[in-house]
Each structure stands twice: as structure tokens, then as C-alpha cells.
Amino acid sequence: QVQLVESGGGLVQAGGSLRLSCAASGRSISNSGMGWFRQAPGKEREFVAASGLGTYYADFVKGRFTLSRDNAKNTVYLQMNSLLPEDTAVYYCASSNGMAISRTIERYDYWGQGTQVTVSS
């Protein structure tokens, strides 16, 4: 059974940084596309970043967020810098079967429980 467990969320002031982690079990991330999504209250879940054969970011996080992988730890990370109040959301890690990169929710077959990120102004 595949499980994804996010951690690293919290409360931070605008301009600050957080690093989210997503520890995977039951599937090797070295053979999987891995994505980060977020969902703010009252809004739909939206794509943030994904890594597979390459790495792709949503326009609103380019230059601020960095997705990385540690295959030995079977963990992916999302380093978030220069955080803005509008980055406040629950952040979800997701895994897809295969290395193709996708920003489409339906492409991912396993999801973590989410971690709350709150950025104060």
C-alpha cells in the first residue's frame, strides 16, 4: 500500500521560508512522478510543482519554490521562500505511476493527508 506523509507546515510571517517534506512508502519515488498541490479555503485544489523526467512549476511560485528529491530517503521536498499571505493553504503531496510530469489532479493516484501552511502579513 502506498502512503505519502507530509510534514513541515506551520505559521510563518510574510517573506519567510518553510520546507515541506513528503515521505513515501510502498512505491519508489525514483520511478514516480511526484507533485505538490495546494488548496486554500473556499478554493479548488491547484497545482504547485511536479517532478518526473524534469521539474515544472506553476507560474505563481517560479523563483520562490524549489522541488527536490532524495531517492535514498524516498522523500520529496518543497522549499518555499519569500512566502506571501496568498500562499496560505493546505499543501498536498501526490504520486503518479510513471515519470511523466503532470499538473492534472487526475493523473495522480496517491495523495497525502496534507499539511497546513499559514503566512501572516
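Reply: Let us start with Glu 44, which sits in the loop between E4 and E5. Strands (E) are DSSP runs of at least two residues, helices (H or I) are DSSP runs of at least four, and both are numbered from the N terminus. Before going further, please keep in mind that this is a predicted model, where local features need pLDDT of at least 70, side-chain atom pairs count only at pLDDT 80 or more, and totals for chains, interfaces and linings use all residues. Residues are numbered from 1 along each chain as its sequence is written, and side-chain values use heavy atoms, with hydrogens and water left out.

Is Glu 44 buried or exposed? With a relative accessible area of 72%, Glu 44 is exposed. Buried means under 20% relative accessible area, exposed means over 50%, and partly exposed lies in between (1.4 Å probe, protein chains only). Setting aside residues up to four places away in sequence, Glu 44 touches Arg 38 and Gln 39; a contact means heavy atoms within 4.5 Å.

Beyond residues up to four places away in sequence, Ser 51 touches Ser 32, Gly 33, Met 34, Leu 67, Arg 69 and Ile 101.

Now look across to Thr 75. Glu 44 and Thr 75 are 31 residues apart in sequence, and their C-alpha atoms are 26 Å apart in space. Thr 75 is one of the contacts of Ile 29, a list that also has Ala 24, Met 34, Arg 69, Asp 70, Asn 71, Asn 74, Val 76 and Met 99, once neighbours within four places in sequence are left aside. Ile 29 lies in the loop between strand E3 (18-25) and strand E4 (32-39), and it counts as buried because its relative accessibility is 1%. Ile 29 and Ser 95 are 66 residues apart in sequence, yet 7.8 Å apart from C-alpha to C-alpha.

Asn 74, another contact of Ile 29, is found in the loop between strand E7 (65-70) and strand E8 (75-80). At 14% relative accessibility, Asn 74 counts as buried. Its phi is near 55°, a positive value in a residue other than glycine. Ser 82 also has a positive phi, near 50°, and it too is a residue other than glycine. You will find Ser 82 in the loop between E8 and strand E9 (89-97), where its 43% relative accessibility makes it partly exposed.

A nonpolar core is a set of buried Ala, Val, Leu, Ile, Met, Phe, Trp, Tyr and Cys residues joined through side-chain atoms within 4.5 Å. The largest one has 30 residues, and those with the most contacts inside it are Trp 36, Val 48, Phe 65, Leu 78, Met 80 and Tyr 91. At least two residues of this core come from each of E3, E4, E5, E7, E8, E9 and strand E11 (115-120). Phe 65, leaving aside neighbours within four places, has contacts that include Val 48, Leu 78, Met 80 and Tyr 91, as well as Arg 38. Arg 38 is also touched by Glu 44.

E7 and E8 belong to an open sheet of 4 strands in the order E1-E3-E8-E7, with antiparallel pairing. Two strands pair if DSSP finds at least two bridges between them. Strand E1 (3-7) and E7 each have a single partner strand, so one side of each edge strand is left without a neighbour in the sheet. E1 and E3 pair over 5 bridges, and Val 5 has Ala 23 in E3 as its bridge partner.

Finally, step back to the whole chain. It has 0 helices and 11 strands, and 44% of its 121 residues count as buried. The C-alpha trace spans about 40 × 25 × 25 Å along its principal axes.
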